[in-house]
Amino acid sequence: MSTVLRNPASIPPKPPHRLLRGYAFDPSLASRLDTMAVSEILYKVPWEDLRDGPRGEYVEVVDVDPPSDRFYAPVDLDAPEVLAQNGLAPSDGNPQFHQQMVYAVAMTTIDRFERALGRKAFWADRIVTRGRRVEYTYIPRLRIYPHALREANAYYSRDKAALLFGYFPAGTDARSSELPGGVVFTCLSHDVVAHETTHALLDGFHEHFMEPTNPDVLAFHEAFADIVALFQHFTFPEQLRHQIAKTRGDLSNENLLAQLATQFGHASGSRGALRDAIGRYDDTLQKWVKHVPDPDELARTAEVHDRGAILVAAVFDAFLSIYGSRTRDLLRLATGGSGVLRPGELHPDLVKRLADEAAKSAGHILNMCIRALDYCPPVDITFGEYLRALITADKDLMPEDALGYRTAFIEAFRRRGIYPDNVRTLSEDSLRWSGPDEDPTLDPGKMRGLISEFVRIVGLRAQVDTLRYAKSREEIWTKSAEIRKKIHGTIASEIRKAEVLQRMTGLALAEYQAPPGVRVRRDGVPSFQIHGFREARRLREDGRILNQVFITILQKVTVEHDGELHEVRCGSSIVMDLDDMSITYAIRKGLNDHPRLMRSIEYAESGQMAAALGSTYFGAGREPFAALHRT
Ligand SMILES: [Zn+2]
């Protein structure tokens with residue numbers, strides 16, 4: 001009898017990626033001759049062990065179809081036939097392919113988000129209130145329902161911790177490129193899936209950005225979801241080259257990269273995409289026209305999606321100017337110095353080089369947009385504050401800004417009337433959040449001493465290390481909750497240190513200084529919540545490692561307005577440098593900002609808040625992001 005010897009070293013390591021075929025934008029490209037060749041791409045998803053569904057670490061696809069009372073068998077992406085062919089072939093008639101498509105796009109989006117932040121992403125906790133006690137439960141997986149609704153819609157539901165996608169018959173406009181009455185599946189649109197996944201990621205990051213306390217909050221949610229979907233287009237290599245060739249390198253002309261949900265737009269009766277960052281289809285002129293930035297438009301625009309579109313356009317504009325300045329030398333080289341292209345097709349080498357530059361600029365712009373989230377106030381975000389967050393976060397990592405990214409952002413935002421209140425000029429230095437070091441009312445030496453003592457008491461460095469070596473997302477979640485508790489306890493017991501924090505954050509943290517309106521616990525400590533705790537280790541352009549911690553503190557205050565009492569949420573985001581043991585920024589929405597408190601109440605009272613919610617709400621439910629578009 002012979003023995004078979006198995007050499008364990010012959011088993012190859014797990015692959016880094018799983019390749020999955022899918023639609024690049026949506027199925028409509030496959031039916032048009034000019035885009036047919038670029039209608040598909042291979043999504044490169046980080047490898048993970050999967051169960052049928054697919055069900056992995058972050059998401060679980062559940063394919064029940066309540067409108068038709070059906071259940072579609074879950075796809076097994078590990079089946080040899082499927083693995084060997086990079087997944088199922090794109091097909092709008094195969095539900096298993098739909099499952100593969102939502103999985104591929106959702107995982108691509110999560111991966112993009114995690115790579116920008118350098119840490120794991122989390123879904124919003126399930127929050128259950130029992131009397132005064134609030135319980136938070138960890139949500140490991142987001143559920144994705146590819147066939148949840150029979151209507152032209154898709155949405156993220158926090159209550160269900162799920163993404164719900166609809167399908168619907170296309171309109172009967174014969175001029176549209178869609179088959180009249182043909183079925184359109186929103187789960188087959190990269191843009192719709194990426195947009196909804198981003199809503200869920202942002203909600204897991206900033207839970208209170210769903211509370212519209214000013215006209216920008218929900219508009220920011222919409223804009224951010226569009227920005228991520230849009231800039232992911234630049235990671236589609238063939239499509240990028242195709243569109244660069246088609247526009248002869250000028251991406252400010254009509255192109256697919258700047259448009260969102262083309263098929264959805266056509267199928268619901270419009271001649272253009274659902275949204276377009278640089279132009280729109282003009283029904284009277286019967287052609288696509290470029291959008292001209294108007295600094296007064298923001299003040300006139302209240303509807304959430306329209307307002308969000310202004311922010312998206314500003315970010316896209318910043319991208320276009322960076323792309324323009326990064327490719328100017330290439331165009332000069334290609335044109336014998338004139339920079340003016342001769343008519344006709346571009347040389348494929350030039351197309352490739354232009355595409356490389358576009359991909360690089362788009363990648364950096366998207367990183368900036370995602371990283372800025374760490375530098376946003378935890379409540380009541382405005383577009384102007386987002387600009388400040390963008391500038392500050394980028395300056396921390398790239399002190400020099402040699403390529404002019406920050407200048408491009410400031411310029412593009414200014415042209416659309418987006419700037420913060422209370423800044424002296426629109427220079428980079430006045431837009432950057434100021435730190436406690438620049439606050440003349442704080443004694444810098446004393447402050448630093450107290451903060452580093454506070455860091456030592458909490459054992460913050462060792463705590464952050466335990467987070468970094470945690471083995472699973474659940475372990476990170478549990479440890480962060482412990483750290484938050486420890487910070488809360490330390491603030492409550494170390495009143496002297498708390499006083500410095502109180503001055504910086506604009507919140508009431510020490511017992512003897514709680515103003516009326518802030519609830520005080522039985523032991524005399526004001527009621528406040530350490531809501532977020534995150535860490536980041538990022539490489540600066542000069543080679544230094546930036547070792548940071550981000551803490552958010554929340555507090556509610558009851559104030560009187562027109563004889564009635566109103567509760568308003570306040571909060572502060574603290575950015576700490578763990579190497580210096582210092583607080584670099586305290587980004588605040590404090591108790592003492594009386595005008596802000598009054599504005600929030602008036603906004604809620606005026607009915608504008610209800611209108612903002614109305615344009616995003618679905619029916620009478622509690623689903624703020626139920627509306628993908630206005631109808
Ligand atoms: Zn949305």
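This is a predicted model: local features need pLDDT of at least 70, side-chain atom pairs count only at pLDDT 80 or more; totals for chains, interfaces and linings use all residues.
Residues are numbered from 1 along each chain as its sequence is written.

Let me start with the domains. The chain is divided into domain 1 (17-205), domain 2 (212-433) and domain 3 (437-592), with bounds that come from an automatic or database domain assignment. The centres of domain 2 and domain 3, taken over C-alpha atoms, are separated by 34 Å. Between these two domains, 14 residues of domain 2 are in contact with 21 residues of domain 3, where contact means that the C-beta atoms of two residues, placed from the backbone, lie within 7 Å. On the domain 2 side, the residues that touch domain 3 are nine nonpolar, one polar and four charged; here Ala, Val, Leu, Ile, Met, Phe, Trp, Tyr, Cys and Pro count as nonpolar, Asp, Glu, Lys and Arg as charged, and the others, Gly among them, as polar.

Now to the strands. Helices (H or I, at least four residues) and strands (E, at least two) are DSSP runs, numbered from the N terminus, and two strands pair if DSSP finds at least two bridges between them. What is the order of the four strands in the open sheet? The order is β16-β17-β18-β19, and the pairing is antiparallel. The edge strands, each pairing on one side only, are β16 (529-539) and β19 (582-589). On average, and with direction ignored, neighbouring strands of this sheet are turned by 20 degrees against each other; the axes behind such angles are lines fitted to C-alpha atoms, for helices over the stretch in contact, and angles run from 0 to 180 degrees between N-to-C directions. β16 and β17 are joined by 10 bridges in the antiparallel sense, and Arg534 stands opposite Phe550 in β17.

Strand β10 (residues 162-169) is mostly covered, with six of its eight residues buried; a residue is buried if 20 or more other C-beta atoms lie within 10 Å of its own, exposed if 12 or fewer, and partly exposed in between, with C-beta atoms placed from the backbone. Strand β8 (residues 142-149) runs parallel to β10 and is joined to β10 by four bridges, with Arg143 opposite Ala162. Strand β9 (residues 154-157) runs antiparallel to β10, also through four bridges, and Ala154 stands opposite Phe165. β9 and β10 form a hairpin with four residues between them, and in the turn Ala161 has a positive phi of about 45 degrees. Strand β11 (residues 183-185) pairs with β10 in the antiparallel sense over three bridges, Val183 being the bridge partner of Pro169.

Turning to the helices, the axes of α5 (residues 237-246) and α9 come within 9 Å and cross at roughly 115 degrees. The residues that meet are Leu240, Arg241, Ile244 and Ala245 in α5, and Val351, Lys352, Leu354, Ala355, Ala358 and Ala359 in α9. By class, this contact has eight nonpolar, no polar and two charged residues.

I will finish with the backbone. Most residues other than glycine have a negative phi, and most peptide bonds are trans. The peptide bond from Gly53 to Pro54, however, is cis, with omega near -5 degrees, and Pro54 is placed in the loop between β2 (40-46) and β3 (59-61). Asp380, which is not a glycine, has a positive phi of about 60 degrees and sits in the loop between α9 (348-371) and α10 (383-397). Asp562 also has a positive phi, near 50 degrees, and lies in the loop between β17 (545-561) and β18 (564-577). Which of these is buried and which is exposed? Asp380 is buried, because 26 other C-beta atoms lie within 10 Å, whereas Asp562 is exposed, because there are 8 other C-beta atoms within 10 Å.
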